[in-house]
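Keep the viewer open as you read.

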Amino acid sequence: MSLKNVKTAIPWPLIVLFLILSAASVVVGFLFYKSQENQILTNKKQELSSIADLKAKQIIQWRKERIADGLNFRQNISLIRQFSHFLTDNNDRDLKSDLMQVLKALVDNYDYRNALFVDRNSNVKLFYPNQDTVIGDYLKQLLPALIRKGDIVVTDLHRTGKVSFVHLDLLVPLNGPEVNDTAAFGALVLRIDPERVLYPLIQSWPSTSKTSEALLFHREGNEIVYLNELRHLKNTVLTLRRSINEDGLVAAMALRGIMETSDAVDYRGVKVVAAMKKIPESSWYLVAKVDREEIFSTLRSNLRLILIIILLFILATGLFIGFLWWNQRVRYYRQKYEAELDHLALVRHFDYILKYANDIIILVDKNFIIVEANDKALETYQYDRNEFIDQPLIKLLSDISIKNFEKNVKVMDEAGYSTFEALHKRKDGSVFPIEISARRVDIEGNMYYQSISRDITERKYAEEILRESEEKFRKIFEESPISMVMTGKDMGIISANPAFCKMMGFSEEELLGSALRTFTHPDHISGDEVTLLRLVAEEIPVYQTEKRYIRRDGSIIWGSTTVSLIRNNFGEFQFSLTMIEDITSRKIAESELEKSFSLQEATLESTADGILVIDTKGKVVKYNQKFVEMWKIPEELLQLKEDAPLLNYVHDQLKDPDNFIRQVKHLYSEPEEITSDILEFADGRFFERYSQPQKIGGKTVGRVWSFRDITSRKKAEAEIIAAKEKAEESDRLKTAFLHNVSHEIRTPMNAIMGFSTLLNDPGLTVSDRSQFTEIISQSGNQLLSIINDIVDLASIESGQMKINIRKININSALRSLCEQFSYKEKPQKIILGVRIPLPDDEAEIMTDGTKLVQILSNLVNNAFKFTVNGRIDFGYEMKEEFLEFFVKDTGIGIPPEYHSRIFERFYQVDNTVSRQYTGTGLGLSICKAYVELLGGTIWLNSKPGEGTTFYFTIPYIKSGRITNK
Ligand code: ADP
């Protein structure tokens, strides 16, 4: 379904909801407006009514006050007398002037416009001020009657031609001064200007308003006459008249007794709201009114706001509903879209499955005409698509399957589905087995059959092979002369072949279910269990062993046993197969043989030599324990029973392995030869080897190798040789020493003897004598020094030489040594130098100074002895905690091979040069012994022909650091 085909549904419920909400908002707005209007109207009417009331009361009050004014005046008897008197005497000027004062006071103080005094006949007698001095027509008509009546009255508003303004009068009739004078003699007429005193009362308004006003009117015949100056029409006082029958006119309504209205017009014809009042004791009506227009002006401006609110509300509702609708649409389309996507995916998925399915999928109609088929179907049946579709299904069936076709269709029609196997035909006519799962399906009211099938040729083939192999196995199992038994996981017997039954003496039925180990000899059971566990854990592929079984009659047999586990393709254990070969007779023969062998074995093991027997092909036949120990051969190498690995192994142990290997090879090529030699090992051992052919019946069958460890013998021999050499050397040295010593002693001795004899000669000159004694003394010194040396050495060797540690300044010791040697007579030209690096105060140390000086003088002496010319330097250097002394010469030098030996006693370098020099060969050995006694070491550096440097060290112990040692 395409999205374009989806018609947009009109959201009627939402539209109706919108209309209802809009209408409701309009109605609510209208009602609100109306209620506001009513409220305003009611309020206004109440307000106007109160104002009308107030004003009426004020007018009444005002009228009462006027009457009270009149009464006040009348109570002044003397004044009334004066007025009465004035009527009798017009010419009394004083009186007149007094009364004029009274009238003036009335006008000025009581706010009257005119004050007039009239007589009974309405003739004006006195007046104040000097204008409007006459009585108008209106009053002229009323006055005589009023005077007669004697009541104080306030007249109506009126206008006359004689008085210039609209006015009303307070009429105060004046009675005679006496109490019984009831008839009035005149009256006081006080003219009131309403413009000044009445109208302001009416026109004042308690609040600001543009149109409100109060007005007074009264009725004259069928007319309404407006009594005061109006707000909206000018110059209308007593001139504006309207008919009382005018409908809707406020004043007319008032006349009809209506006290409030909101539906009337005023004198202008403008709609007003009004409250009316009749003023009691007068013909006046009061109207308080205001234009409707004004009252509602605020509401009108509010109406705009209300309308805007309603409009906004409708708009908001519209938007909200629109949004709801839009949202609904979006959700709707999204769901549609997702459903469509799902559908598409599903369709594609099924298309995919159909196309690439490994099964044959075919759809046929109710007439068994092929409607649809997948690629696998075409491939299997070898047809093109157009050859296949619209073809009858029967074309694919083999003859046998055609027979079963109807039966299968019947099953399918009844049950709705059916699974069966059949033989189908390819395009080339070849037939193959197929497994079919078919189902009746209803597609849009039409009936179809859909089948999913699979070519099962291979499975059939595999089944056949399996069947055949099972058959073969069964045959082997049944007919094999070897005993076979199958056991389950618990090693219980599942099946046993006739050979096994016969061997054990049981029938198969008796054996089934019993454990195989019931027949195993107890000696083997624990070993078996361990190995079977390894087998199950797949550590070993099969378990092979030789063990004993117990038969039904209790006799014991030996069986060569092979156990293997049979697993299925998934590696799951199925059963274990045990094959047992009866080897009892072989075992008996072997044990006999063993007995005959044991004597030979005992002989072999009792020899001290290592023996190895190898056949002519290099296979190891026999060896004894001694051989294994001597050659330290690992067990696994022996297991191999081959000579090659053994040769490889011994190769690394020998000092000259190649020679040995050569020997072995030679002997392989000369099987008859007998040889022996000594093998020397890298670790210093020696083996004596002997090798001879092994013969049986005169025929060489192998070779016997015997080895004897002669290491200790060899060692003893070497020691003897060394001792002998040492003794010889010692002897030689001693001879040389004796020769030397005798020479060294004899030379000075001869000199002493010879010159002391010469001293006896009387003809000897003084100088000769002194020369001779000098020679004798020198020779004596030399002799002494030799003897000292020998004594020193003897005491060193016997461990009696003691050291004597004292404070010594090595710088001074070296300097004096240098001085001594400088005086020494020397035929050669030799420069002597001394090096003293430490300052004198640092050079004071604790040591045996005598020995130190002796070491140095020995070394310097030697240097002089072996240096022909050049220089000799001696001195010391600081080396950490030690002082390193040196004596360096440019003499004959010492070859390297003598460097260690010259420190030995009596040792002298054996060369022609040193032979020329005298010496005992003791000096250096004494030096060495002294140096070591002082806690140091001595060594040398020398090159023949270039010179020699002797070094020795002693600890640098500054004096004061220790006092004694
Ligand atoms: P001798 O009394 O023979 O000198 P020494 O023990 O002092 O005995 O010396 C041993 C030998 O070392 C000397 O005979 C000499 O051959 C060799 N020798 C010692 N000092 C020197 C040297 N400075 N130069 C060469 N040879 C020396």
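The buried residues of helix α19 pack against β22 (610-615), β23 (620-623), α17 (625-631), α18 (635-640) and α20 (657-669), where contact means heavy atoms within 4.5 Å. Helices here are DSSP runs of H or I with at least four residues, strands are runs of E with at least two, and both are numbered from the N terminus. This is a predicted model, so local features need pLDDT of at least 70, side-chain atom pairs count only at pLDDT 80 or more, and totals for chains, interfaces and linings use all residues. Residues are numbered from 1 along each chain as its sequence is written, and side-chain values use heavy atoms, with hydrogens and water left out.

Which residues of α19 are buried? In this helix, residues 643-651, they are Asp-643, Leu-646 and Val-650. Buried means under 20% relative accessible area, exposed means over 50%, and partly exposed is in between (1.4 Å probe, protein chains only). The three cover an arc of only 60° around the axis, so they sit on the same side of α19; the arc is that of the directions from the helix axis to the C-beta atoms. An α-helix has 3.6 residues a turn, so residues three or four places apart point the same way.

Now for a pair of helices. The axes of α1 (residues 12-75) and α2 (residues 77-88) come within 5 Å and cross at roughly 80°. That makes α1 roughly perpendicular to α2. Axes are lines fitted to C-alpha atoms, for helices over the stretch in contact, with angles from 0 to 180 degrees between N-to-C directions. Under 35 degrees counts as roughly parallel, over 145 as roughly antiparallel, 65 to 115 as roughly perpendicular and the rest as oblique. At the contact, Phe-73, Arg-74 and Gln-75 of α1 meet Ile-77, Leu-79, Ile-80 and Phe-83 of α2.

On to the rings. How many aromatic pairs does the structure hold? There are 29, counting rings of Phe, Tyr and Trp (its six-membered ring) with centres within 6.5 Å; planes under 30 degrees apart are stacked, over 60 edge-to-face and the rest tilted. Phe-217 and Tyr-226 have ring centres 6.3 Å apart and planes at 45°, so this pair is tilted. Both Phe-217 and Tyr-226 are buried. Trp-705 and Phe-707, by contrast, form a stacked pair, 6.5 Å centre to centre with 10° between the planes. Trp-705 counts as buried at 5% relative accessibility, and Phe-707 is buried at 3%. These two belong to one aromatic cluster together with Phe-627, Trp-631, Phe-660, Phe-681 and Phe-687.

Next, a strand residue. Arg-440 lies in β15 (residues 431-443) and is partly exposed, with a relative accessible area of 36%. Leaving out residues up to four places away in sequence, Arg-440 touches Met-412, Asp-413, Gly-416, Met-447, Tyr-448 and Tyr-449. The C-alpha atoms of Arg-440 and Asp-413 are separated by 7.1 Å, though the two are 27 residues apart along the chain.

Finally, the backbone. Most residues other than glycine have a negative phi, and most peptide bonds are trans. The bond from Tyr-128 to Pro-129 is cis, with omega near 0°, and Pro-129 is in the loop between β2 (124-128) and α4 (137-149). Asp-111 has a positive phi of about 65° although it is not a glycine. Asn-235 has a positive phi too, about 55°, and is exposed, with a relative accessible area of 69%.
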